[in-house]
Amino acid sequence: MNTDSRCVRCGPVPPLHVPEHIGAEIVASVVERIAATADPPVTPLWCPWPLPPGWTLTGVAYAGDDRTGVRATALACAGPAPLGGGPADLVFVAEEPGVGLGTRLAGLTGPDPGPELVDALTDPGSGHPDHVGQAKIKVGGHPTPLWLVNSPTDRSAYAGEARGMWLHAIAWPASAGHLLAEDVVLHDLTEWMPPELVYGAPSPYLPGRA
C-alpha cells in the first residue's frame with residue numbers, strides 16, 4: 001500500500017489542490033493553508049502587485065498534504081496581451097526542489113528546470129521569435145532574473161530562484177512573455193493580501209488541462 005499521489009512519468013508527487021472558483025475568500029483560505037504548513041519556511045504565493053492595467057487574478061493552487069505541508073504554490077492572472085491581439089495568461093509558481101509543478105505547466109520534462117537553465121545560460125539559441133530573452137522582475141523588493149527555458153511554442157516559460165525555491169513564470173501565448181520585460185513586481189500574498197485585488201473567470205491553465 002502507498003498513500004502518496006503518483007505521476008505516471010515522475011513517480012510520487014505532492015497532490016495538487018486547485019479550487020474551482022476564485023475570489024478573496026478562496027485566496028484567503030489557501031493563504032491560511034500555506035501558513036499552517038508543517039515545515040517552515042512558508043512557501044511564498046507570488047502575485048503581481050500592483051496588477052498590470054486591465055489584469056485580474058484568475059486562479060490559485062497549492063501542492064502538498066497534511067503530512068508534508070505545502071511544497072508548491074501557483075497563482076494565475078489574465079489580461080490584455082502586451083503586444084495586442086487578444087487575451088493573455090500568466091501563471092507564477094513557487095516550489096521546493098523536486099516538486100515538478102512549474103515544469104509540468106511549462107511543458108518540460110523532469111521535476112526541476114535545472115538542466116534547462118544550464119542550456120539557457122550556455123547556449124540561449126533562437127527560441128520563440130516573440131519572447132523576451134531574459135526577464136528581470138522584482139520579487140519581494142529584490143531584482144530577480146528569470147531565464148527563458150525551452151517550452152512548447154504555444155507558451156513562453158521562464159525559471160529562476162527566489163527565497164531558496166524555484167520560481168517559474170509561464171505565459172500564454174508565447175508573446176505574452178513580453179509582459180515580464182516591463183516593471184513587474186511580485187508580492188507574497190502570505191505576508192499581506194491587498195484588498196484591491198480584482199478577480200476574473202477561472203484560469204483554464206492552472207490545472208494543466210490546456
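Which residue in E6 does Ala 63 stand opposite? Ala 63 stands opposite Ala 72 in E6; the points below set this pair in its context.

1. Basis of the note. The model is predicted: local features need pLDDT of at least 70 and side-chain atom pairs count only at pLDDT 80 or more, while totals for chains, interfaces and linings use all residues. Residues are numbered from 1 along each chain as its sequence is written, and side-chain values use heavy atoms, with hydrogens and water left out.

2. Confidence. The chain has an average pLDDT (the predictor's confidence in each residue, from 0 to 100) of 86, and 86% of the residues score at least 70. Confidence is lowest in strand E1 (residues 5-7), where the mean is 47, and highest in E4, at 98.

3. Overall content. Three helices and twelve strands form the secondary structure of the chain. Helices (H or I, at least four residues) and strands (E, at least two) are DSSP runs, numbered from the N terminus. Of the 210 residues in the chain, 48% are buried; buried means under 20% relative accessible area, exposed over 50%, and partly exposed in between, with a 1.4 Å probe and protein chains only. Among contacts (heavy atoms within 4.5 Å) with a separation of 6 or more, 62% come from residues 24 or more positions apart.

4. The sheet. Ten strands make an open sheet with mixed pairing, in the order E3-E5-E6-E7-E11-E10-E9-E8-E12-E4. Its edge strands, E3 (16-17) and E4 (46-48), each pair on one side only. Two strands are taken to pair if DSSP finds at least two bridges between them. Strands of a sheet pair through backbone hydrogen bonds, either parallel or antiparallel.

5. From E3 to E6. E3 runs antiparallel to strand E5 (residues 56-65), and two bridges join them. Here Leu 16 stands opposite Ala 63 in E5. E5 is in turn joined to E6 by nine bridges, again antiparallel, and a hairpin of three residues connects the two strands. Besides the pair named at the outset, Gly 64 stands opposite Val 70 in E6.

6. From E6 to E7. Nine bridges link E6 with strand E7 (residues 87-95) in the antiparallel sense. The bridge partner of Thr 73 in E7 is Ala 94. Six residues lie between E6 and E7 in their hairpin, and Gly 84 in the turn has a positive phi of about 80°.

7. Burial of E5 and E6. Nine of the ten residues of E5 are buried, so E5 is largely enclosed by the rest of the structure. The count for E6 is ten of twelve residues buried, so E6 is also largely enclosed by the rest of the structure.

8. Helix H1. H1 (residues 24-35) packs on the sheet and touches E5 and strand E6 (69-80); its direction makes about 30° with that of E5. For this angle, axes are lines fitted to C-alpha atoms, for helices over the stretch in contact, and angles run from 0 to 180 degrees between N-to-C directions.

9. Val 27, Val 30, Val 31 and Ile 34 are buried in H1. These residues cover an arc of only 100° around the axis, which puts them on the same side of H1; the arc is that of the directions from the helix axis to the C-beta atoms. E5 and E6 are included in what covers the buried residues of H1. The face turned away from the buried side carries the exposed residues Glu 25 and Glu 32.
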